Amino acid sequence: MPISPHAVVLDADNTLWNTNTTFRRAREAMIEVLRSGIDVPVQDPSDNEHSDNEHSDPEQPIGASSDSERSAERTDVLYRLSQHLPSAGGEGPDLERLARAAAFYMSGRRGGPEADVQTDRLRWASEQVQAGRRPPGCDEARARTAAEAFRAALREAPPLLDGADSLLRRVGAWRGARPDRRASVLFSEGGPDRLEVAFEAHEVGEGQYFDDIVLREKTPTTFRGVCRSIGKIVEVPDLQTARIVVIGDSLKRDIRPANAAGCTTVYCPGDLWGQEAPAETAEQPDYTIGRIDDALDILDLHSTDPQDSAY
């Protein structure tokens, strides 16, 4: 049954636009710089431990160019490698450290040449960097070049996901018809500099779609803060948080904290996390949709006249 919300809160990355594609391109750019200076070994056929699924063909060099599937596999490994490095603030680890760790990973066998026993190569590579060691074939200049290749790729605007343009236009028309009773908010944990690229490309930061843009860590407390801010925008006495609909692609980062704040939640699985299963009741969304504009049915925004809604 459609609901008539007083406010819509939208996640940005991998909900409205495909940030995962942009980061994958950035990781590919970093890997290409590193490959040009690293003597990549052939995987030992006797190494049958593939816990990271980084390499299924024992005759294929780990960093060698191949089809798009293998390219995606390599960049996903680089993403997982980044999870082993401490954050330098913002959205992830220092990119030069990540480049050095990737160089260790690409040039060594599982466990690394210094390991007495087989260990996770991702963890081993990050430990080498944190210990201050220099990877073969990757001096400071190459690490800086690889980091800049990554940054340059992030300056390209991420493409809107299918249905996002339709949703944005309908939400903009809906709130514009009754600005005293309706509000829309973009709530993201993304870095301001990177998000600004998407805002400019898709004209998001100009006020036509959103009353407010919030860039903070998503927690129950910050969601409650967003709800209080919405209460100052709309002229609705005793605004109920259940009339605030939150749409996001992550059960943990979007749905769980929004549920804790009492909001109505809509889960739209994205390319980054895929279709997740709730780990517990706290992550159970009120609705699950296949693509973002399916939310128009839930919000009852398919009407040709946005003022038809009761709210």
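**A tryptophan, then the sheet**

Mentor: Trp124 counts as buried, because its relative accessibility is 6% and the cut-off for buried is under 20%. Keep in mind that this is a predicted model.

Trainee: Which helix is the place of Trp124 in?

Mentor: Trp124 sits in helix α4, which covers residues 121–130.

Trainee: And how far apart are Trp124 and His84 in space?

Mentor: Their C-alpha atoms are 9.4 Å apart, while in sequence the two residues are 40 residues apart.

Trainee: Let's zoom out. How many helices and strands does the protein chain have?

Mentor: The protein chain has 10 helices and six strands.

Trainee: In what order do the strands sit in the sheet?

Mentor: The order is β3-β2-β1-β4-β5-β6, in an open sheet with parallel pairing. At the edges are β3 (212–215) and β6 (287–288), each of which pairs on one side only.

Trainee: What holds strands of a sheet together, in general?

Mentor: Strands of a sheet pair through backbone hydrogen bonds, and the pairing can be parallel or antiparallel.

Trainee: Back to this one. Over how many bridges does β1 pair with β2?

Mentor: Four bridges, in the parallel sense, with β2 spanning residues 183–188. Ala7 has Ala183 of β2 as its bridge partner, and Leu10 stands opposite Leu186 in β2.

Trainee: What about β1 and β4, how many bridges there?

Mentor: β1 and β4 (residues 244–248) are also joined in parallel over four bridges. Val8 stands opposite Val245, and Val9 has Val246 as its bridge partner in β4.

Trainee: Which residue of β5 does Val246 pair with?

Mentor: The bridge partner of Val246 in β5 is Thr265. β4 and β5 (residues 264–267) run parallel and are joined by four bridges.

Trainee: Are the residues on the two faces of β1 buried or exposed?

Mentor: Buried, on both faces of β1: Ala7 and Val9 lie on one side, Val8 and Leu10 on the other.

Trainee: Why is β4 described as largely enclosed?

Mentor: Five of the five residues of β4 are buried, so β4 is largely enclosed by the rest of the structure. On one side of β4 are Ile244, Val246 and Gly248, and on the other are Val245 and Ile247.

Trainee: What percentage of the whole chain is buried?

Mentor: Buried residues are 49% of the 311 residues. The chain exposes about 14,600 Å², and carbon and sulfur atoms supply 45% of that area.

Trainee: What share of the contacts with a separation of 6 or more is between residues 24 or more positions apart?

Mentor: Such pairs account for 70% of those contacts in the protein chain.

Trainee: New topic. How many cavities of 30 Å³ or more are there?

Mentor: A search of the whole structure finds three.

Trainee: Which residues line the second largest cavity?

Mentor: Among them are Asp13, Trp17, Thr22, Glu156, Pro158 and Arg194. The lining as a whole has six nonpolar, two polar and three charged residues.

Technical notes. Residues numbered from 1 in each chain as written. Predicted model: local features only at pLDDT ≥ 70, side-chain atom pairs only at ≥ 80, totals over all residues. Heavy atoms only, no water. Buried < 20%, exposed > 50% of the residue type's maximum accessible area, 1.4 Å probe, protein only. Contact = heavy atoms within 4.5 Å. Areas by Shrake-Rupley, 256 points an atom, 1.4 Å probe, with all protein chains shown as cover. 1 Å grid on protein atoms, 1.4 Å probe; cavity = no way out; pocket = protein on both sides within 12 Å on 5 of 7 lines; lining within 4 Å. Points joined across faces, edges and corners; volume = space filled by probe spheres on them. Nonpolar A, V, L, I, M, F, W, Y, C, P; charged D, E, K, R; others polar. Pairing = 2+ DSSP bridges.
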